[in-house]
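Subject: Structure for you to look at

Hi,

Please open the structure below and keep it on screen while you read. My notes on it follow.

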Amino acid sequence: MSADKSISWSFAEDLPAEDDVMLRARERSFELGVTPIGPGVGAVLTVLAAASKAQTAVEIGTGAGVSGVCLLRGLGPQAVLTTIDVDVEHLKAAREAYAEAGSPANRTRTISGRAGDVLPRLTDNAYDIVFIDADKPGLPGYVEQAVRLLKRSGLLIINDALDKDKVANPAGREPNTVILRQVGKAIREDDRLATAMLPTGDGLLVAVKK
């Protein structure tokens, strides 16, 4: 990346202004040892949720609620966010963040469990957005389930898709990097999807179901 592009990337990442609700959610993330999405990724999630006029969204990997608040702020007033995490403390922190953000309890559904067990129980073709920010070894299975869950024109969004620039380097052979590289290739070659890679954060892979 040229120096000018690096400056522009940093500028774009730092541009979104976050309120006290988001700052407190970030504090809880750090207390729990969770790495939250950055402000740039959060802003993109809000914009995509709003632009798609989504009414139903699934989040795989709740964290402490930072990404959930961003999605809820873009979703319509009647929309529902379903979020899945194996750690009940993460879900508790997320519910606190949602409440502080003014989101009614009936707009969120928090499910404790392994995503690989929970996702198959969700309804086919019923969701407008699936956002994945979870363990990389499970990613291939999560993506296949996400395509099943999405409505036509629904959005699949994968966080950390460039793995701190390691995915773009063919010499990068760390297990998570290899998985992300393979998943990205599979999604690009999937005739059911149209895809784009955004350099926001550590990479956002965005796909729409045709």
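A residue is called buried when its relative accessible area is under 20%, exposed when it is over 50%, and partly exposed in between (1.4 Å probe, protein chains only). The model is a predicted one: local features need pLDDT of at least 70, side-chain atom pairs count only at pLDDT 80 or more, and totals for chains, interfaces and linings use all residues. Residues are numbered from 1 along each chain as its sequence is written, and side-chain values use heavy atoms, with hydrogens and water left out.

**Two residues with positive phi**

Start with Asp160. Its phi is positive, about 60°, although Asp160 is not a glycine. Asp160 sits in the loop between strand S5 (150-159) and helix H8. Helices (H or I, at least four residues) and strands (E, at least two) are DSSP runs, numbered from the N terminus. Is Asp160 buried or exposed? Asp160 counts as buried, because its relative accessibility is 13%.

Now go to Lys53. Here phi is near 55°, again a positive value in a residue other than glycine. Lys53 belongs to the loop between helix H3 (39-51) and strand S1 (56-60). Lys53 has 65% relative accessibility, so Lys53 counts as exposed.

**A buried loop residue**

Thr200 lies in the loop that links strand S6 (193-198) and strand S7 (204-209). Its relative accessible area is 14%, so Thr200 is buried. Which residues does Thr200 touch, leaving out those up to four places away in sequence? They are Trp9, Glu13, Gly40, Val41 and Val44. Contact here means heavy atoms within 4.5 Å.

**A covered helix**

Helix H4 (residues 66-74) is mostly covered. Eight of its nine residues are buried. They are Val66, Ser67, Gly68, Val69, Cys70, Leu71, Leu72 and Gly74.

**Two packed helices**

Two packed helices are described by the angle between their axes and the distance between the axes. Take helix H7 (residues 139-149) and helix H8 (residues 175-188). Their axes come within 10 Å and cross at roughly 25°. Axes are lines fitted to C-alpha atoms, for helices over the stretch in contact, and angles run from 0 to 180 degrees between N-to-C directions. H7 and H8 are therefore roughly parallel to each other (under 35 degrees; over 145 is roughly antiparallel, 65 to 115 roughly perpendicular, the rest oblique). On the H7 side, the contact is made by Leu139, Pro140 and Val143. On the H8 side, Ile179, Leu180, Val183 and Ile187 make the contact.

Best wishes
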